[in-house]
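Here's a quick briefing to read alongside the model. Have the structure open as you go through the points.

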Amino acid sequence: SQTIHQWPATLVQPVGSPLSLECTVEGTSNPNLYWYRQAAGRGLQLLFYSVGIGQISSEVPQNLSASRPQDRQFILSSKKLLLSDSGFYLCAWSTRDTETQYFGPGTRLLVL
Amino acid sequence: AQKVTQAQTEISVVEKEDVTLDCVYETRDTTYYLFWYKQPPSGELVFLIRRNSFDEQNEISGRYSWNFQKSTSSFNFTITASQVVDSAVYFCALLSGAGSYQLTFGKGTKLSVIP
């Protein structure tokens, strides 16, 4: 069966510091991968998605970036965090022949 | 543009009561997919169901049932005989447009089941 991992689970970072969140999927090949953000009191917003290694599409302009160095690894990064980057970050995957997205456990990020 | 409206922000019910969570969607596409996800306090989004736009058949899974009506653009979710473990935030979502990857989520309905 497929599983999705995210780490760290919780992160507290000062403003201006860098960020790296990692997501890995097991049990499937060539998945589509997604990064979502859920800010406090707001809905979920798609940040990036990837249909293959090195292929990244951005949905929202911001100071975040994403990379996919391996087939089942998706990384969310920032060079300098802003207070507004605080939130709950969720990684998701789907297969090429189904529209259902399955979510990971998430990372809670607090920028102080 | 796609839009999902969950008008109920919070609902409280007493255990064993039935509860219906409303979802209204907007899209101009003829092919689309509707989803319900459950977000317990731990935060992980748990997939519950997917419906295709061309399949209006309602579905029942245990205590859960879903009513999809294209005529009113609604995809409502009913929990029968609610339990405390059903307490969570429930999200309705829409995937619309050929080749689209972007799920459009409603703002969620927080359900509290009181013992």
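This is a predicted model: local features need pLDDT of at least 70, side-chain atom pairs count only at pLDDT 80 or more; totals for chains, interfaces and linings use all residues.

Residues are numbered from 1 along each chain as its sequence is written, chains are lettered from A and ligands numbered from 1 in the order in which they are written, and side-chain values use heavy atoms, with hydrogens and water left out.

**Disulfides**

- Across all chains, the structure holds two disulfides (a disulfide being a pair of cysteine sulfur atoms within 2.5 Å).
- One of them pairs C23(A) with C91(A), with the sulfur atoms 2.0 Å apart.
- C23(A) sits in strand β3 (residues 19-26) of chain A and C91(A) in strand β9 (residues 87-94) of chain A, so this pair ties together parts 68 residues apart in sequence. Strands here are DSSP runs (E, at least two residues), numbered from the N terminus.
- The torsion about the S-S bond of C23(A) and C91(A) is about -75°, so that disulfide is left-handed.
- Both C23(A) and C91(A) are buried (buried means under 20% relative accessible area, exposed over 50%, partly exposed in between, with a 1.4 Å probe and protein chains only).
- In chain B, C23(B) is joined to C92(B), S to S 2.0 Å, and the link is left-handed too, with -65° about the S-S bond.
- C23(B) lies in the loop between β3 (19-21) and β4 (24-26) of chain B, while C92(B) is in strand β10 (residues 88-96) of chain B, so the pair connects parts 69 residues apart in sequence.
- C23(B) and C92(B) are buried as well.

**Where chain A meets chain B**

- Chain A brings 20 residues to the contact and chain B brings 17 residues (contact means heavy atoms within 4.5 Å).
- About 1,600 Å² is buried between the two chains, with carbon and sulfur atoms giving 57% of that. Buried area is the accessible area (1.4 Å probe) that two parts lose on being put together, summed over both.
- On the chain A side, L44(A), E99(A) and F103(A) lose the most area to chain B, together 33% of what that side buries.
- E99(A) also forms a salt bridge with R50(B), the closest N and O atoms being 2.8 Å apart (the rule: a side-chain nitrogen of Lys or Arg within 4 Å of a carboxyl oxygen of Asp or Glu).
- The rule finds one salt bridge across this interface.

**D85(A), a buried aspartate**

- You'll find D85(A) in the loop between β8 (73-78) and β9 of chain A, buried at 2% relative accessible area.
- A polar atom of the D85(A) side chain lies 2.8 Å from the backbone nitrogen of L82(A).
- Not counting residues up to four places away in sequence, D85(A) touches R37(A), N63(A), L64(A), K80(A), L109(A) and V111(A).

**R51(B), a buried arginine**

- R51(B) belongs to strand β6 (residues 46-52) of chain B and counts as buried at 8% relative accessibility.
- Its side chain and that of D55(B) make a polar contact of 3.2 Å (a pair of N or O atoms within 3.5 Å; within protein, one must be able to donate a hydrogen and the other to accept it, and residues adjacent in sequence count only if both atoms are side-chain atoms).
- A polar atom of the R51(B) side chain lies 2.3 Å from the backbone oxygen of Q57(B).

Conventions. Helices (H or I, at least four residues) and strands (E, at least two) are DSSP runs, numbered from the N terminus.
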